[in-house]
Amino acid sequence: MFSFQPDRSQYPAPGPDGKLEIDLETGQYLKLWQGPNHPGMTGNMSVELTVCGDEVVEGKTHVGYLHRGFEKLMERRSFIQCFPIVCRICVPEPDFNEYCYAAAVENLAGIEVPEYANWMRTLILEMGRFNSYMMAIGGMSGALGLGVVGQWLTYVRDIMLDRFEELTGARIYHMFILPGGVRGHLPEGFKDRMEEVLKTAERYLADVDKVMFSNAVYKRRTKGVGYIDPKLFEPYGVTGPNARAGGVAKDVRKDAPYLVYDQLDFEVPTETASDIWARTNVRRRDIDVSIDLIRQILKKFPKGGEVMAEIPNVLHWKIPRGETYIKGESSRGEYGYYLVTDGSGYPRRVNVRGPSYTHAMALLELLIPGTNISDVAALMVSLHTYPPEIER
Amino acid sequence: MMQAIYDRLKDRFQLGALDVRSRKGLAFVDLRREFLRPVLTELRDVEGFTHLILLTAVDWIEDERFQLTYLLNNRQKNLDLGLRLRLDRNLAIGETIHDLWPTAATYQRELREMFGIAFPGSPRVDEEFILEGWTDMPPYRRDFDTLAYSQQTHADREGRETSDPREFMKQILYPKD
């Protein structure tokens, strides 16, 4: 088998501490900015690369292009007025923000959510996970030049957005999950229409398996590349598919079941190679889990029931002093909201724990040195990061 | 389970009362500054709290203090534990824990920028993180007025009309109030 071994005989030697002394004046190194506008970037962020030949010797992550101060803005809004803000913290999977924030408010206000609403919330979150994975797999294919897969999966995401629109009235930011429950019931005939979407998705995914996951070039460029040592998972806060690709079955749905996940039958996919291939493959298999979960949820969905608990007048709603942390398993790993209240009608502090915060900052900077310039995009996408979670 | 862990640590590290009022599997406890490192080390290495979920701050401006919250997770026992550490708001200097969890360096860099809390020795802590060329007070402090900043920095478009969302909600949701 062909094996590429870069010739590094002309490369600068590292110092006694094993680190390179980077001096741009020598002409041996070059600064190269990847992003914030770049087809291989996962959103509006950039990586400042220092390269030697085509090898990256250092990478520094730069964020802030999307910063709007969400957490701070919430401190001067009533609890209900925070909803248009929280969903915007993650565009491809906004519902997690709604769920975590709503659950945190309910927890501190002592509100019990009706069973029907819990089923609906679980359905919404799995639909969101499915859509987020469509973007992740499509992005990964795009990062390696397989543009057509991204187009197919954008279509599949679009028909799932039709179901979101039918259910919530909106395609991207749904604001369907509110403190106390959800905004509505399952529409008549929804289950059949969802089944059509899932069957279409399965047809497209079978093609994706052939075109992408069986593709020799794709395999060559992802296997053994971007390895994360499982020993780094805890020190660097690695969660979700990035950890599962290294053999650690971390999944909040299993580790700390919430909503109705304890009533659903599913296994968490894992891999062991902990490279780009393994991370993408875990996501691909997790799509199948999500599809199965959506079917299970719709099969077991309550025939009827209250969608909202009784909540106080939201314009004068004061929540007793307290603090809590509510978490769930997003498509990228542990997602959580730390909410502090002081007895007033406004949150004292909201802190969003997005998995991208740990994955795209310290971890990415650790992984980049030694990679080829052309692999940086695939490495980044394989971590599945969304910058707004970092900047909040 | 959380109570047993607390009982093992409370006297040795002079912990405050265990606060379990929020949800099952989550507790908060106050901690004295000199015990931060030994408690974190013990929780990580002995009690199985190997995952640093987050590190953040709350500004209790009326008490002239910051609260640093170190939230840890023990996955095997499904427990989340928040350690609360008080800092003098006028002398906001924290202790870096990047050697215990390297990812803490990112949190500390953000706290330095957004709250003005120093973490001497934390890698790249003084480098800009999210803000660029910011010269005003750290914007996540309570006394930073976002509305005033917005009004001073940006001008409304001519002819722009705004309506108060609270008034709108009142008409829709509570017309009789």
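Where in chain A is Thr270(A) found? Thr270(A) lies in the loop between helix H9 (252–255) and helix H10 (276–300) of chain A. Helices (H or I, at least four residues) and strands (E, at least two) are DSSP runs, numbered from the N terminus.

## Basis of the model

This is a predicted model, in which local features need pLDDT of at least 70, side-chain atom pairs count only at pLDDT 80 or more, and totals for chains, interfaces and linings use all residues. Residues are numbered from 1 along each chain as its sequence is written, while chains are lettered from A and ligands numbered from 1 in the order in which they are written.

The predictor assigns the complex an ipTM of 0.94 and a pTM of 0.92. Confidence in each residue is expressed as pLDDT, from 0 to 100. Chain B has a mean pLDDT of 91, with 100% of its residues at 70 or more. Within chain B, confidence is lowest in helix H5 (residues 165–173), at a mean of 84, and highest in E4(B), at 96.

## Overall form of chain A

Chain A contains 13 helices and eight strands. Its C-alpha trace spans about 70 × 50 × 35 Å along the principal axes. The radius of gyration, taken over C-alpha atoms, is compared with a globule rule of 2.2 Å times the number of residues to the power 0.38. A compact globule of 392 residues would have a value near 21 Å, and chain A agrees with this at 22 Å.

A residue is buried if 20 or more other C-beta atoms lie within 10 Å of its own, exposed if 12 or fewer, and partly exposed in between, with C-beta atoms placed from the backbone. By this criterion, 50% of the 392 residues of chain A count as buried. Two residues are in contact if their C-beta atoms, placed from the backbone, lie within 7 Å. Of the contacts in chain A with a separation of 6 or more, 70% are between residues 24 or more positions apart.

## A sheet and a helix pair in chain A

Three strands of chain A form an open sheet in the order E1-E2-E3, with antiparallel pairing. Strands E1 (30–34) and E3 (55–62) are the edge strands, each pairing on one side only. Two strands pair if DSSP finds at least two bridges between them; strand E2 (residues 46–52) is joined to E3(A) by seven bridges. Thr50(A) has Glu58(A) in E3(A) as its bridge partner.

The axes of H3(A) and helix H4 (residues 115–143) of chain A come within 9 Å and cross at roughly 145°. Such axes are lines fitted to C-alpha atoms, for helices over the stretch in contact, and angles run from 0 to 180 degrees between N-to-C directions. On the H3(A) side, Asp95(A), Phe96(A) and Tyr99(A) meet Arg121(A), Ile124(A), Leu125(A) and Gly128(A) of H4(A).

## Loop residues

Thr270(A) touches Arg244(A), Gly247(A), Ala249(A) and Val282(A), not counting residues up to four places away in sequence. Thr270(A) and Ala249(A) are 21 residues apart in sequence and 6.3 Å apart in space, C-alpha to C-alpha.

Most residues other than glycine have a negative phi. Met175(A), although not a glycine, has a positive phi of about 45°. Met175(A) belongs to the loop between helix H5 (147–168) and strand E4 (177–178) of chain A and is partly exposed, with 16 other C-beta atoms within 10 Å. In chain B, Asn78(B) is not a glycine either and has a positive phi of about 55°. The loop that holds Asn78(B) runs between strand E4 (65–74) and strand E5 (79–88) of chain B.

## Strand E2 of chain B

Strand E2 (residues 26–31) of chain B is mostly covered, with five of its six residues buried. Two bridges join E2(B) to strand E1 (residues 18–19) of chain B in an antiparallel manner, and Leu18(B) stands opposite Val29(B). E1(B) and E2(B) form a hairpin with six residues between them, and Gly25(B) in the turn has a positive phi of about 85°.

E2(B) is also joined to E5(B), by six bridges, and these two strands run parallel. Here Asp30(B) stands opposite Arg84(B) in E5(B).

## Contact between the chains

In the complex, 35 residues of chain A are in contact with 35 residues of chain B. Elements of chain A that give two or more residues to this side include helix H3 (95–109), strand E7 (333–341) and helix H11 (355–367). By class, the side of chain A that touches chain B has 13 nonpolar, twelve polar and ten charged residues. For these classes, Ala, Val, Leu, Ile, Met, Phe, Trp, Tyr, Cys and Pro count as nonpolar, Asp, Glu, Lys and Arg as charged, and the others, Gly among them, as polar.

Terms used:
pLDDT = per-residue confidence, 0-100.
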